[in-house]
Amino acid sequence: MKKVYIQSVGSVSAQRTFDNNEFLNEITEYHANVIPAIDPVYQDYIPPAAARRMAKGIKMSSVASKIALSEAGLENVDAIITGTGMGCLRDSEKFLSAIIDNKEEFLTPTSFIQSTHNTVGGQIALGLGCKGYNFTYVHSCISFESAMIDAKMQLELDEATTILVGGVDELADHTIAIHKVVKHVKPEAVSMANLLTSGTEGAVFSEGANFFILTNEKTKDTYAELVAVDTFNTLQKGELAVAALTVLLENNLSVNDIDLLILGNNGDVVFDDYYSVLSKEVFSETPQAYYKHLSGEFNTASSFGFWLASKILKTQSVPTVVCLNDLKTLKLDTILLYNQYRGQNHSFTLVRKC
Amino acid sequence: MGIISAIGNNVAENYDALIIGKKGISRISKIDTIQRDQIMVGEIATSNDELIGLLGLPPENNYCRTALLGVVAAKEAIADAQITDIKKYRTGLISATSVGGMDMTERYYYDYLTIASTQKYIDGHHAGDSTQKVAEQLGIEKSLVTTISTACSSAANSIMLGARLIKSGKLDRVVVGGADCLSKFTINGFKTLMILSDTYSSPFDENRKGLNLGEAAAYLVLESDAVVKAENKKVLAYVKGYGNANDAYHQTASSDFGDGATLAMEKALMVAGYKASEIDYINAHGTATGNNDLSEGRAIINVFGSNVPDFSSTKAYTGHTLAAAGAIEAVFSVLALQHNVIFPNLNYKTQMKEFSITPQITLKRKELKTVLSNSLGFGGNCSTVIFSKEA
């Protein structure tokens, strides 16, 4: 079996992450419960006429994937695998509200076409002229991890050499409104520094696109090795430690081998204790980081976490703003990421310095 | 394997309907839509309340119809595979859907904001929710459970991923398939694309007028060689080859010459180690839209040349069940292998003028060793799965 590497990254998020020469040099502060992604200058990447027609999810993904392709020096890939919780949500809302508001009359196809979950994957393929394998995973907060599992298997079996893998989700008004009603979105504006101590239900909703070139050949520019990705549809809090240790064991690692634990805490007082089980118990002596105060929460926010881990290993530095505890990293070889959303769909991802 | 579709609530009922040529296409009765008299659909007769009763769910459940159909079919698949202890092996679930919980979302879209009793369905907003429910009902816990949505090729892709997960040793057993219910959203969406027929769909017919939408769910249990051996299992069929490719041509339409479908079939043949001449029957995607049947027909000719095997589309029976189509047609492909029978392509009258290949239009009995099944979708997504009787 071949090893799998992260060859390049591309990120559009609520932070200025689209310049790969930087690494969270400047932090954009928010005091909100919904934070949109920062728009790059789209015309630097996409012809303006095309950009006007594109949904935000497609635009963010086009930019993120172009940055990743360009950094890897690639014009095309063997496969495109996308994770998205909700796809082009604004178009889904637009088409659905038109059906309801106009009683099924005067409808046009554009928003229906773009509402399909695999629109982003299809559009990237169309843009690249990529006739290869093209899958889209749509399973809540493991959509991106599912895409990585698929890519990793193909690269390990040498069925592909270069795969574009990404996670994308966009904000949309009605979805925000109904998620406020059920308190999945925090009722109050929260400042970034206070996210984890907010003491309230729900998360700060956001959006973004993080794309990566995964390959099975290492070069001098490789970010890191993708060692393992495991997902679990259910895990009780009491089962988390065993699950984490099993993932490590399967890769001949123990708690002491983990130089940094990156957690998906989103400040939801009801569900953040899933993370505490790991941070306060098994990994209490391990340096820890978090990121959803920077990226916000969305179904594929963990792809921002994966971007963070990749950058940390490549630059061999941990930005202070992401540190979750006071423990200093002695070395930065192996990082474990853990994420879940509302107590379901848990994922562990292991990355290692090359 | 397990299935629920417009032609039956289980595998046996579906098989009987296929054999006697009984289609499940009618006017829509369960969704109040102004398109009612302009479309025909493959609607499952059983209501949500009846399905809830059948599954013994509590009244406060928040199952969308996609989830209800999915659980019915998945439970039949587990029983058919004689699995009594789901936890005995590393068992995952890969489900496909395009509609997910849209039936409830479109019903309660504005009510969600004010009516508390409707808000339980908000959790079903994302496509993965119906998959989570199927997993829960099957007792699949602490495992790999995910959802694929690549429009009309989705379930074929879940079979492909499942096969790869077993091949790579990540799982010993995996339930694969898909579920989609009818919704106003898809009815009106396809209506705006002007590809819905106002009468019975007629795949590969020169005068075809478009597709009939349908609803269905189907799942198959894939097991590794080791599990088959340890349990002394009778194998229904082998997933011998699979291929996915992208047309990279247009967001919704297939390329005129079927580039993506050609590539998908070629890849699947390569994975299977078969020559084209070793395929005995093609269960075509055959939606009966002008674009699909032309593109797919040309792709078949690209791959098989002058020796095109018997082919038929079963969409005239069930309607086009979108993300579930690849799974229900996988069940039909396995039934074809088991019973050595090719199901007729219903409603066909006139030869298409662009080529000379003709679908099988009557029930045909012949020894079948291999069946190739196509699923083609929006976003240029093209998938082929090959099933065989022998390993």
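I count two residues as in contact if their C-beta atoms, placed from the backbone, lie within 7 Å. The model is a predicted one.

**Entry: the contact between chains A and B**
I looked up which residues take part. Chain A gives 52 residues to the contact, and chain B gives 51 residues. On the side of chain A that touches chain B, the elements giving two or more residues include α3 (89-101), α4 (109-115), α6 (143-156) and β8 (224-232) of chain A. Which element gives the largest share of this side? I found α5(A), with six residues.

**Entry: helix α9 of chain A**
I looked up the buried residues of α9 (residues 273-282) of chain A. They are A:Tyr274, A:Tyr275, A:Leu278 and A:Ser279. They lie on the same side of α9(A), because they cover an arc of only 125° around the axis. The face turned away from the buried side of α9(A) carries the exposed residues A:Lys280 and A:Glu281. What do the buried residues of α9(A) pack against? I noted α8 (237-250), β9 (260-263), β10 (288-290) and β11 (334-341) of chain A.

**Entry: chain B as a whole**
I noted twelve helices and 15 strands in chain B. Its C-alpha atoms fill a box of roughly 60 × 55 × 40 Å, taken along the principal axes. Buried residues make up 62% of the 391 residues in chain B. Of the contacts in chain B with a separation of 6 or more, 78% join residues 24 or more positions apart.

Methods. Residues are numbered from 1 along each chain as its sequence is written. Chains are lettered from A and ligands numbered from 1 in the order in which they are written. This is a predicted model: local features need pLDDT of at least 70, side-chain atom pairs count only at pLDDT 80 or more; totals for chains, interfaces and linings use all residues. Helices (H or I, at least four residues) and strands (E, at least two) are DSSP runs, numbered from the N terminus. A residue is buried if 20 or more other C-beta atoms lie within 10 Å of its own, exposed if 12 or fewer, and partly exposed in between; C-beta atoms are placed from the backbone. The arc is that of the directions from the helix axis to the C-beta atoms.
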